[in-house]
Amino acid sequence: QVQLVESGGGLVQAGGSLRLFCAASGSIASINDMGWHRQAPGKQRELVARITSGGSTNYADSVKGRFTISRDNAKNTVSLQMNSLKPEDTAVYYCNAIVLGFDRVYRNYWGQGTQVTVSS
């Protein structure tokens, strides 16, 4: 089994910054893509940012230039630096990872989510 544990959410004023952190542990042979998604009340979960094992990134248009995703392959961690936060960034943020297990099967794992609230 693999566990993803997130931290770093909270309440911040518009224009402020937060950094989310996610650590993967368990039966991990390697990790392919890692990413952050978010889900606001009454809305579908959406991709925020994704990073490959080689460091290539892509972002939702709504966060480009404000958010930065990074990872540490040696530690199986991924971070999301969020700057210039807006009230519309308010959501539960979920970490996910495509993990190769020791059985040579890829599986998609999700964290439990961390709340980010941006006040106006």
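In the predicted model, Phe21 of β3 is the bridge partner of Ser7. This pair belongs with the contact between strand β1, residues 2-7, and strand β3, residues 18-26, which pair in the antiparallel sense over six bridges. Strand β3 is also joined by six bridges to strand β8, residues 77-82, and these two strands likewise run antiparallel; in β8, the residue that stands opposite Arg19 is Gln81.

Strand β2, which covers residues 10-13, contains Val12. Val12 counts as buried because its relative accessibility is 14%, whereas the cut-off for a buried residue is under 20%. When residues up to four places away in sequence are left out, Val12 touches Ser17, Leu18, Leu85, Thr117, Val118 and Ser119.

In soluble globular proteins, nonpolar side chains tend to be buried together. In this model, the largest nonpolar core holds 31 residues, and the members that touch the most other members are Trp36, Leu80, Met82 and Tyr93. Two or more residues of this core are given by each of β1, β3, β4 (30-39), β5 (46-51), β7 (67-72), β8, β9 (91-100) and β11 (114-119), and the largest share, five residues, comes from β9. For Leu80, the residues touched, not counting those up to four places away in sequence, include Leu18, Arg19 and Leu20, together with Trp36, Val48, Ala49, Phe67, Thr68, Ile69 and Tyr93.

Key. Residues numbered from 1 in each chain as written. Predicted model: local features only at pLDDT ≥ 70, side-chain atom pairs only at ≥ 80, totals over all residues. Heavy atoms only, no water. Pairing = 2+ DSSP bridges. Helix = DSSP H or I, 4+ residues; strand = E, 2+ residues; numbered from the N terminus. Buried < 20%, exposed > 50% of the residue type's maximum accessible area, 1.4 Å probe, protein only. Contact = heavy atoms within 4.5 Å. Core = buried A, V, L, I, M, F, W, Y, C linked by side-chain atoms within 4.5 Å.
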